[in-house]
Structures are given as C-alpha cells and as structure tokens.
Amino acid sequence: MADTLNLLDQALDLGRQELKFLVAGEVEEAFQAAEQRGIYTNQALETKASVSLDDILSKLEKLKSLQGQLTTEAKKLHASLKADLGQAKKESVRFKGYLGVAKGTPIMKNRYIHKVG
C-alpha cells in the first residue's frame, strides 16, 4: 500500500519539478522529469497491493490537475519558440536584402557584349 502511494507522491514531486523546468525554459530537464514521472505512475498503477481507492483517486486527480498545468505551460513555451523562429526568418530575409545591395548589381551580365554595335 505504501509503495503505490509513495510512487504517486514521487510522481507528483517530479511533475512539480517539471513545471519549474518548463517555466524556466529548460526543455531537456523537463523531458527527463516527464519520462521519470511516467515510469513512477506506471509502476504505481501496476502494483497489486491493496490500497484505498479514495487515496489513489485523490492522488490521480492531483496528477491530472498538474498535467493540465504542464500542458498549458508547454503550449506557452511552444508559442514563444514559434514566434522567435518567425522573427528569425524575417531577419534572415532582411539580411539577404542587405547582402544584395552591398554586393551591388552588375550593369551587364555578360562582359563580352559591347554597348556599341
């Protein structure tokens, strides 16, 4: 019984850490915490020990609420990264325009053509 609830408590703690990582923008650490949280949750649900269903239900509801917060924060981070990539693309196009001006354009493309005759 203690194992199941203990594993769910560990999963909740990891979920809170994962949320902190996402807020800080540390994606790799958040990913590792999410994987470990999934392992703990699966282990807790696979144990065959007799546990009070009310206790498990309350822990799972907390995990569900935490998952909603994680999803919201991940969507915010995704939108931020998408905006940053869009801005970088615009900057790249702008710099390419400056490059064309800096190089100059030749008057004639073929130097063997004469203007006269």
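Author: In this predicted model, a residue is called buried when its relative accessible area is under 20%, and exposed when that value is over 50%.

Reader: Why is T4 called buried?

Author: The relative accessibility of T4 is 2%, and because buried means under 20%, T4 counts as buried. T4 is found in helix α1, which runs over residues 2-24.

Reader: Which residues is T4 in contact with, leaving aside its neighbours within four places in sequence?

Author: With those neighbours left aside, T4 is in contact with A44, T47, V51 and I56, where contact means that heavy atoms lie within 4.5 Å.

Reader: How do you know that the span of helix α2 agrees with its number of residues?

Author: Helix α2 holds 20 residues (27-46), which at 1.5 Å a residue should span 28 Å, and since its end C-alpha atoms are 29 Å apart, the two values agree.

Reader: What makes one side of α2 its buried side, and which residues does the face turned away from that side carry?

Author: The buried residues of α2 are A30, A33, R37, T41 and A44. They cover an arc of only 75° around the axis, which puts them on the same side of α2. The face turned away from this buried side carries the exposed residues E28, Q32 and E46. As background, an α-helix has 3.6 residues a turn, so residues three or four places apart point the same way.

Reader: Why is E46 called exposed?

Author: E46, which lies in helix α2, has a relative accessibility of 57%, and because exposed means over 50%, E46 counts as exposed. The C-alpha atoms of E46 and T4 are separated by 8.7 Å, although these residues are 42 residues apart along the chain.

Reader: What makes the pair formed by the backbone oxygen of R37 and the side chain of T41 a polar contact?

Author: The backbone oxygen of R37 lies 2.8 Å from a polar atom of the T41 side chain, and because the cut-off for a polar contact is within 3.5 Å, the pair meets that distance limit.

Terms used. Residues are numbered from 1 along each chain as its sequence is written. This is a predicted model: local features need pLDDT of at least 70, side-chain atom pairs count only at pLDDT 80 or more; totals for chains, interfaces and linings use all residues. Side-chain values use heavy atoms; hydrogens and water are left out. Helices (H or I, at least four residues) and strands (E, at least two) are DSSP runs, numbered from the N terminus. Buried means under 20% relative accessible area, exposed over 50%, partly exposed in between (1.4 Å probe, protein chains only). The expected span of a helix is 1.5 Å times one less than its number of residues. The arc is that of the directions from the helix axis to the C-beta atoms. A polar contact is a pair of N or O atoms within 3.5 Å; within protein, one must be able to donate a hydrogen and the other to accept it, and residues adjacent in sequence count only if both atoms are side-chain atoms.
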